[in-house]
Amino acid sequence: MADIPAEFHIQTVDLTKIYQSGRVEVPALLNVDLTVQAGEFLAIMGPSGCGKSTLLHLLGGLMQPSRGQIWIDGIDIAQLTDAERTDVRRRKVGYIFQRFNLLPTLSAKGNIELAKKIHGNGHAYPYKSEEIIEMLGLSDKINFRPSELSGGEQQRVAIARALINHPAIILADEPTGSLDSRTAQQVLRILQKLNEQLSQTIVMITHDSEAASIAGRIVEMRDGQIFNHHSHLVYEPELEGLL
Amino acid sequence: MESMVAANIRARPARTFISVLAVAIGVILMLTIGGIVSGTLNEYLGRTIGVGADFMLQQSGASVFYALSSATLPAKLEQKLKEIPGVGVVTPILANFSSADFGLVFGIDLASYNEFPGRLQITSGRSSLTGNEVIVDELYARLHKLQPGASLTILNHSFTVTGICRPGAVVRIFVPLKTLQDLNESQGKVTFMFIKAAAAADLGKLEASLNEALPGYKFRSTKDETMLLADTKMPGMKEFQFTVIIVSMLLSFMVILVAMYTTIFERTREIGILKSLGASRSFIVGMILKETVIISGLGVLFGIGVSEIARKAITSAFPTLQVSMTFTEVMTACVLGLLGGALGALYPAYKAAKMDPVRALTYE
């Protein structure tokens with residue numbers, strides 16, 4: 001099944017997504033070839049509408065491509081049914097969203113443990129909820145509901161939720177997009193720490209070049225295609241906004 | 001772990017309350033209306049058995065519910081029956097429904113009626129039933145504040161209370177057979193007859209003899225309720241009970257359907273989040289069904305509680321009315337209440353499970 005190098009956690013081949021709007025075809029992603037190695041931190045940058053979110057949704061198996069392959073940890077999820085893609089997502093992917101997407105009726109702990117429950121009982125959890133909560137500095141907020149938490153705290157809960165099942169890949173969709181710069185820095189440091197200390201593979205999409213600068217590699221997208229790769233980006237505040 | 005299902009129930013108190021109330025109303029309908037019907041029926045049949053007769057003679061096709069049968073049985077059959085070997089006692093009865101009392105009045109021949117084990121046991125006044133005399137039972141007397149010697153108008157005719165008997169007789173009001181026949185203009189006719197076998201008579205052989213002697217008539221065993229019920233021919237009874245059950249279930253079904261459907265739309269984004277976390281369709285369907293079962297369960301419990309209070313209130317306010325609430329009836333209401341709710345949640349659950357996760361996640 002896996003004809004991709006074992007060290008690649010993600011590989012897309014000729015990945016294309018075309019939306020149908022009435023009779024009009026709207027290409028969102030065109031022939032994207034992308035590889036992400038195990039333990040890599042990849043940032044995807046680009047202007048709004050360039051196809052970043054579509055790419056992330058495809059990598060997470062939330063939608064089916066129009067064409068191409070999506071290899072996630074040795075499985076081409078483009079060939080799978082909706083139920084099978086859901087199963088891969090459950091076992092291998094952790095999501096972090098811009099708007100946190102916590103369940104408002106559950107406490108911080110409830111949100112984290114919900115992911116554990118969805119994952120099922122057959123999984124040997126490498127982390128206890130308490131360890132992750134402690135690691136992310138949430139111990140004193142554990143019983144708070146999302147509405148009682150700050151943006152940064154909510155995002156840390158979302159990170160804990162993404163981590164709890166030890167996913168092969170974390171997909172982060174503008175994780176600092178709703179945060180002030182100080183809180184955004186804290187969240188980015190957490191992601192960096194996860195990558196460096198736990199070798200967690202992370203794919204993050206962002207508009208923010210400062211956020212992208214913590215990634216090991218950056219790809220830039222435009223008009224549904226990858227047009228540039230950087231091994232590393234040195235953040236220069238004066239260039240902000242030019243991308 | 002904090003239960004998401006419980007959290008959802010708590011987070012939407014108005015929705016939860018209305019749904020619980022709807023299920024409860026369904027259960028109350030089933031238990032109270034159904035209970036009044038079956039309670040009255042059971043009491044009626046129980047009291048019939050209490051007379052201690054072995055058989056009832058009726059016109060062929062007549063209902064065990066005397067009120068529904070017309071007085072078409074020739075009274076002279078009494079004599080013919082008495083001549084059949086094995087027949088001990090026969091008493092003819094004319095039943096008439098008194099709409100003012102919402103109950104039956106029996107026209108009886110007191111002498112032959114009192115030869116049965118379930119004879120009228122007079123506790124006050126005297127045992128006499130001729131002309132315009134009436135005997136009523138204690139419950140009826142208490143309800144209408146009657147004493148021996150009091151006057152009582154029933155069937156637009158004025159009677160004088162001669163005696164008050166113990167409750168438990170087939171009906172609560174007894175008048176002379178002849179008087180009721182005159183009032184009804186059904187001279188020489190009765191509704192049915194109770195037959196008691198002679199001591200040591202073989203009931204099987206006697207039944208065969210009765211059928212042979214009077215072919216074309218119905219001899220109904222009055223020995224047990226099951227046999228009477230099995231032969232019940234009350235028109236519309238089953239349809240009525242079925243209607244009550246369907247209306248109750250529909251109520252639970254519709255309210256849960258609307259409540260859960262609305263909730264699903266409210267929670268579109270939450271469902272998207274669950275899907276992004278890898279929740280399968282069965283997980284989402286299970287979550288919604290669990291929520292519904294808990295809501296329906298609360299409704300069922302609330303309904304049972306209110307029904308019990310209603311039962312006590314009804315029997316206290318109307319002592320002559322019986323409301324049955326057996327374990328089987330309660331269990332039936334439980335199952336139907338839960339089933340109605342679960343069925344109502346199926347479509348919303350299906351819709352939720354089928355949601356496109358990307359659209360759901362961007363839903364505002």
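This note sets out points on the predicted model of a complex and its chains A and B.

1. Basis. Residues are numbered from 1 along each chain as its sequence is written, chains are lettered from A and ligands numbered from 1 in the order in which they are written. In this predicted model, local features need pLDDT of at least 70 and side-chain atom pairs count only at pLDDT 80 or more, while totals for chains, interfaces and linings use all residues.

2. Confidence. The complex receives an ipTM of 0.87 and a pTM of 0.75 from the predictor. Chain B has a mean pLDDT of 87, with 93% of its residues at 70 or more (pLDDT is the predictor's confidence in each residue, from 0 to 100).

3. Contact between chains. Chain A contributes 22 residues and chain B 18 residues, two residues being in contact if their C-beta atoms, placed from the backbone, lie within 7 Å. On the side of chain A that touches chain B, helix H2 (82-92) and helix H3 (108-119) of chain A are the elements that give two or more residues (helices are DSSP runs of H or I, at least four residues, numbered from the N terminus). H3(A) supplies the largest share, eight residues.

4. Helix H2 of chain B. This helix, residues 13-50, has 38 residues and spans 51 Å from first to last C-alpha, close to the expected 56 Å (1.5 Å times one less than its number of residues). A kink of about 30° is centred on B:Gly35, the bend being the angle between axes fitted to the seven residues ending there and the seven starting there. Just after H2(B), B:Gly52 has a positive phi of about 90°.
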